[in-house]
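Hi there,

Here is the structure I promised to pass on. Have a look, and my notes on its charged side chains follow below.

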Amino acid sequence: MSSDLTWLLVKDNSSFLVKRNGVQFTTEPNNLTNLNSFKYSGLANSKVVGISANPSGKGVVLSTKKQVISSSKPAKSFQKVAISGSSRRAAKTIVNVTARSGYRADLRKAALGRLSAILAAQKPTKVTKKCGRSTLRK
């Protein structure tokens with residue numbers, strides 16, 4: 001089925017669709033911005049880039065859709081690569097996959113934004129000690 005036809009079927013009626021304050025969001029996998037649009041759709045496009053947190057808690061998982069898809073095995077249609085280590089290494093890998101290889105260059109900024117948000121959420125929170133003195137003056 002073509003991606004345009006799939007988008008026409010999915011755009012208004014989907015189990016992933018969330019409507020809030022006049023804006024339509026989606027919770028579908030491999031959607032980098034969670035906006036309900038054809039450009040970012042993880043269901044309708046034939047080339048998809050998805051970034052999610054690694055289940056181990058450190059690093060991210062980069063998933064792309066394979067070009068040759070067997071309709072009888074949809075679970076094997078995605079290639080997933082775990083990226084751990086420094087944030088620069090992860091960013092370089094994402095840029096190489098999206099922009100330089102010609103896969104989906106238009107998703108580069110959204111992919112890097114999702115990467116930085118996930119890595120910021122994985123950092124431990126800093127504990128600040130409060131001073132014992134009262135700040136009120138008489």
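Let me begin with Lys-65, which sits in strand E4 (residues 60–65); strands here are DSSP runs of E with at least two residues, helices are runs of H or I with at least four, and both are numbered from the N terminus. Lys-65 is buried but has no salt bridge, and Glu-28, the nearest side chain of opposite charge, is 9.6 Å away. Buried means under 20% relative accessible area, exposed over 50%, and partly exposed in between (1.4 Å probe, protein chains only). A polar atom of the Lys-65 side chain does lie 3.3 Å from the backbone oxygen of Asn-45.

Before going on: this is a predicted model, where local features need pLDDT of at least 70 and side-chain atom pairs count only at pLDDT 80 or more, while totals for chains, interfaces and linings use all residues. Residues are numbered from 1 along each chain as its sequence is written, and side-chain values use heavy atoms, leaving out hydrogens and water.

The count comes to 1 salt bridge (a side-chain nitrogen of Lys or Arg within 4 Å of a carboxyl oxygen of Asp or Glu). Asp-106 and Arg-104 form it, at 3.1 Å from N to O. Arg-104 is buried, at 11% relative accessible area, whereas Asp-106 is partly exposed, at 41%.

On the surface, Lys-92, Arg-100, Arg-108 and Lys-109 gather in a patch of positive charge (like charges joined within 9 Å, from residues with over 30% relative accessible area and no salt bridge). Helix H2 (87–100) and helix H3 (108–122) each give two or more residues to that patch. Arg-100 belongs to helix H2 and is exposed because its relative accessibility is 63%.

Best wishes

Note on methods:
Patches are made of residues with over 30% relative accessible area and no salt bridge: like charges are joined within 9 Å, nonpolar side chains (Val, Leu, Ile, Met, Phe, Trp, Tyr) within 5 Å. Accessible areas come from the Shrake-Rupley method with a 1.4 Å probe; for residues, only the protein chains shown count as cover. Lys and Arg count as positive and Asp and Glu as negative; His and the chain ends are not counted. The place of a charge is taken as NZ of Lys, CZ of Arg, CG of Asp or CD of Glu. A polar contact is a pair of N or O atoms within 3.5 Å; within protein, one must be able to donate a hydrogen and the other to accept it, and residues adjacent in sequence count only if both atoms are side-chain atoms.
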